[in-house]
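This report takes up backbone geometry and helix packing. The structure comes first, then the notes.

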Amino acid sequence: MENTKHIKIVTADPSALGLFGLAVITLVASSQKLGLTNGVSLVLPWAIFLGATAQLFACINDFKHDNTFGATAFGAYAFFWYAMGMTWLIQNGVFGEKLASACDTKQLGFAFLAYLIFTIFMTIGALETHKVLFGIFALIDLLFMGLTLNAFGIIPEFAHHLAAFSELGIAILSFYGSGAAVLNKHFNKIFLPVGKPFGIFKN
């Protein structure tokens with residue numbers, strides 16, 4: 001009879017890096033929406049490397065943790081930022097004026113709507129993670145609501161401000177969540193509290 005060996009591969013929790021990537025890109029992007037900065041030329045690198053790649057790295061490692069919720073969330077938002085980066089390149093004529101002139105922003109509206117639907121489901125799941133993460137998802141709901149309404153030209157001024165301030169709120173909470181994930185693990189105690197799960201769906 002053959003002997004069977006079970007090897008356990010231990011990987012660190014990637015959520016701190018994923019939340020840091022989310023925090024950086026939403027802070028930079030919100031500065032443009034709030035009128036503090038202009039254009040998207042220097043938003044692009046942070047969208048590609050922090051918003052997209054850092055969250056994709058967190059996604060892949062959350063799959064190794066058998067964390068379907070975390071992997072799906074980080075992966076979905078990573079690809080969102082890759083797509084937004086490509087969108088800005090197209091809109092700014094990097095792939096030619098013909099492609100740029102043919103842009104119909106209502107198509108963005110449908111993409112934002114899809115992400116709003118997705119985020120609502122994830123917000124329900126976040127109820128059983130911790131309160132900081134739930135707050136981040138609730139703000140992402142508001143962000144996509146604002147982006148969707150704005151793209152369809154529905155109360156555009158209100159929608160723009162809703163998206164801008166929601167995105168800034170996401171950045172602030174994500175910085176806190178990232179710091180908590182690192183320091184709570186590093187000190188092996190609750191250094192920065194994140195709040196217990198709501199306990200609605202899990203006992």
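## Isoleucine 155

Isoleucine 155 has a relative accessibility of 49%, so it counts as partly exposed. The model is predicted. Isoleucine 155 sits in the loop that joins helix 6 (131-151) and helix 7 (156-186).

Its backbone deserves a check. Most residues other than glycine have a negative phi. Isoleucine 155 is not a glycine, yet its phi is positive, about 35 degrees.

## Asparagine 188

Asparagine 188 also has a positive phi, near 55 degrees, and is a residue other than glycine. It belongs to the segment after helix 7.

Is asparagine 188 buried or exposed? The relative accessible area is 71%, so asparagine 188 is exposed.

## Helix 3 against helix 5

Helix 3 (residues 68-91) packs with helix 5 (residues 105-126). The angle is about 165 degrees, and the axes lie 11 Å apart. Angles over 145 degrees count as roughly antiparallel, so helix 3 is roughly antiparallel to helix 5. The crossing of the two helices is left-handed.

Which residues make the contact? Helix 3 contributes Phe69, Thr72, Ala73, Ala76, Tyr77, Phe79, Phe80, Met84, Thr87 and Gln91. From helix 5 come Thr105, Leu108, Phe112, Tyr115, Phe118, Thr119, Met122, Gly125 and Ala126. By class, the contact of helix 3 with helix 5 holds 13 nonpolar residues, six polar and no charged.

Terms used: Residues numbered from 1 in each chain as written. Predicted model: local features only at pLDDT ≥ 70, side-chain atom pairs only at ≥ 80, totals over all residues. Heavy atoms only, no water. Axes fitted to C-alpha atoms, helices over the stretch in contact; angles between N-to-C directions. Helix = DSSP H or I, 4+ residues; strand = E, 2+ residues; numbered from the N terminus. Parallel < 35°, antiparallel > 145°, perpendicular 65-115°, else oblique. Left-handed = near helix turned anticlockwise from the far one by under 90°. Contact = heavy atoms within 4.5 Å. Nonpolar A, V, L, I, M, F, W, Y, C, P; charged D, E, K, R; others polar. Buried < 20%, exposed > 50% of the residue type's maximum accessible area, 1.4 Å probe, protein only.
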